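Subject: Structure handover

Hello,

Here is the structure for you to look over. My notes follow below it.

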There are 4 protein chains.
Amino acid sequence: MERIRDSFARQGMMHTLGARLEHVGEGVVRIVAEVSAATSQQQGAGHAGLTFSLADSAAGYAALTLMAPDREVVTTEFRITLLAPARGRLIAEGRVLRPGRRLIAVAADVWGEDDVHVATALGTMVPVSACPS
Amino acid sequence: MERIRDSFARQGMMHTLGARLEHVGEGVVRIVAEVSAATSQQQGAGHAGLTFSLADSAAGYAALTLMAPDREVVTTEFRITLLAPARGRLIAEGRVLRPGRRLIAVAADVWGEDDVHVATALGTMVPVSACPS
Amino acid sequence: MERIRDSFARQGMMHTLGARLEHVGEGVVRIVAEVSAATSQQQGAGHAGLTFSLADSAAGYAALTLMAPDREVVTTEFRITLLAPARGRLIAEGRVLRPGRRLIAVAADVWGEDDVHVATALGTMVPVSACPS
Amino acid sequence: MERIRDSFARQGMMHTLGARLEHVGEGVVRIVAEVSAATSQQQGAGHAGLTFSLADSAAGYAALTLMAPDREVVTTEFRITLLAPARGRLIAEGRVLRPGRRLIAVAADVWGEDDVHVATALGTMVPVSACPS
């Protein structure tokens, strides 16, 4: 899905966090990133903001896979539960729970090294025009 | 509050996002950061992960101001509502809603350029040992 | 605001919980209810579902005060933090954080006896047609 | 699990909503209730507070199945996404995502007639003494 890759490439935040798209399917997207000193909290594990960013982007792009080509999506609210320290290579999977014209309910999960379940999340995405604002 | 500044300095993520502590009070902390190409989403506004990271860290440090010196806090859950695109200089204010031995209820707000209310958030922090794990 | 009172009167749940509208203003609504044996949890305090219901309805009607006459609103997501046991007469205040055509960001707080802050909440309301479905 | 049934029977709110325990397993509980005029919103579907109450109680009792006999649990925060109108017989399933001494991460889902997915939720439960306060 070219448009997802294009949009991802324009997210400076994803580049800064060392994240890359691993999988783009119909309503499901996976993003991976290694926890590093640049994305850690004070105890050396991944910052909650790293885990959130990966989960949020994976969920947003999962929503985008179901949108018309002239649309983008933005996050309107996102709730994350952190289940274990984020260590090693993180895999964030976003998926669409309920598509809609006006808003899209999404979920995401993040796993770390040894398949530890690091986080689970629910959120809401809103379609917007793809023209940069 | 020396310990807050020490802990903040050890958060690689805060450095990566260009964030700095602006205010540390009893149960209230403010963190600021400029939106930049390195922390943007695909349309050039600040990524939700930037806004989240600032809100989460401000709330976490607000909780830490009320803890014993041998304690740290970690986020166990955080819910953010994004009210407007994040542009310009962001100010995130975290505050304690209800302190507790086992968990601390926190809130945070983020404002952007022209005092636009960018985000509001609720979360839960948990005290942990200050020894790096 | 007649329409708010009409809609409220049609909410069987509000009647069942012993709730009544106390204040209807532009973007702000307050609902009150006494905790009773019929709405308690196993320890005699108000059930989280009572506190949620009051907060949710207050926030929904706060949103409705800003809508065109042929619109209703429904909750699409709601997040509540419970700060203290719900006892006595509860006052739930809902308010609009950001109005919108497609979704309305709302907040709510609930206080109990002795002005104890029982709960704080954030949510999202969506406009729908006022015709019963 | 006798204690779950005892505690459930003492929840006036569950009785008021016409709810009953359908299944109690290790870390998983299901509660059912019919939407009725007494638990409806203004358009005749189940009130968000009904769906929340069932999800919250199912999740709380799922947590309780993993606790020592002298403990109860209370909800500290709960976030629900409403995916479809609540109609007919609702089944709420609560389950433990991560047990813990100080807090328990839980999830819940609610289905309605024709197996429609009505809601999904994440929450946090906190162990407390079983002595009524």
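**Strand β3 of chain B**

β3(B) runs antiparallel to strand β6 (residues 117-129) of chain B, and the two are joined by 11 bridges. Strands here are DSSP runs of E of at least two residues, helices are runs of H or I of at least four, and both are numbered from the N terminus. Two strands count as paired if DSSP finds at least two bridges between them. Within this pair, B:Arg79 sits opposite B:Leu122 of β6(B).

Please keep in mind that this is a predicted model: local features need pLDDT of at least 70, side-chain atom pairs count only at pLDDT 80 or more, and totals for chains, interfaces and linings use all residues. Residues are numbered from 1 along each chain as its sequence is written, while chains are lettered from A and ligands numbered from 1 in the order in which they are written.

How much of β3(B) is buried? The count is 10 of its 12 residues, so the strand is largely enclosed by the rest of the structure. Buried means that 20 or more other C-beta atoms lie within 10 Å of the residue's own; exposed means 12 or fewer, partly exposed lies in between, and C-beta atoms are placed from the backbone.

**Chain B against chain A**

A:Ile80 has B:Phe78 as its bridge partner. A:Thr81 faces B:Glu77.

The contact involves 33 residues of chain B and 33 residues of chain A. Contact means C-beta atoms, placed from the backbone, within 7 Å. On the chain B side, α2 (12-16), α3 (48-64) and β3 (71-82) each give at least two residues. β3(B) has the largest share, with nine residues. By class, that side holds 11 nonpolar, 17 polar and five charged residues. Nonpolar covers Ala, Val, Leu, Ile, Met, Phe, Trp, Tyr, Cys and Pro; charged covers Asp, Glu, Lys and Arg; the others, Gly among them, are polar.

Chain B superposes on chain A by a rotation of 180° with 0.0 Å of shift along the axis, at an RMSD of 0.0 Å. The two copies are thus related as by a two-fold rotation axis. In chain B, the C-alpha nearest the axis belongs to B:Arg79, at 2.0 Å. Both copies use the same surface: 100% of the contact residues of chain B recur in chain A.

**Chain D against chain A**

Here eight residues of chain D meet eight residues of chain A. On the chain D side, β3 (71-82), β4 (89-98) and β6 (117-129) give two or more residues each. That side has four nonpolar, two polar and two charged residues.

**Core and confidence**

The largest nonpolar core has 179 residues, and A:Ala55, B:Ala55, C:Ala55 and D:Ala55 touch the most other members. Such a core is a set of buried Ala, Val, Leu, Ile, Met, Phe, Trp, Tyr and Cys residues joined through C-beta atoms within 7 Å. Residues touched by A:Ala55 include A:Ile80, A:Val110 and A:Ala121.

Chain A averages a pLDDT of 95, with 98% of the residues at 70 or above; pLDDT is the predictor's confidence in each residue, from 0 to 100. For the complex, the predictor gives an ipTM of 0.95 and a pTM of 0.94.

Best regards

Note on methods:
Two residues are in contact if their C-beta atoms, placed from the backbone, lie within 7 Å. Copies are superposed by least squares on the C-alpha atoms of residues with pLDDT of at least 70 in both. Lists of a residue's contacts leave out its neighbours within four places in sequence.
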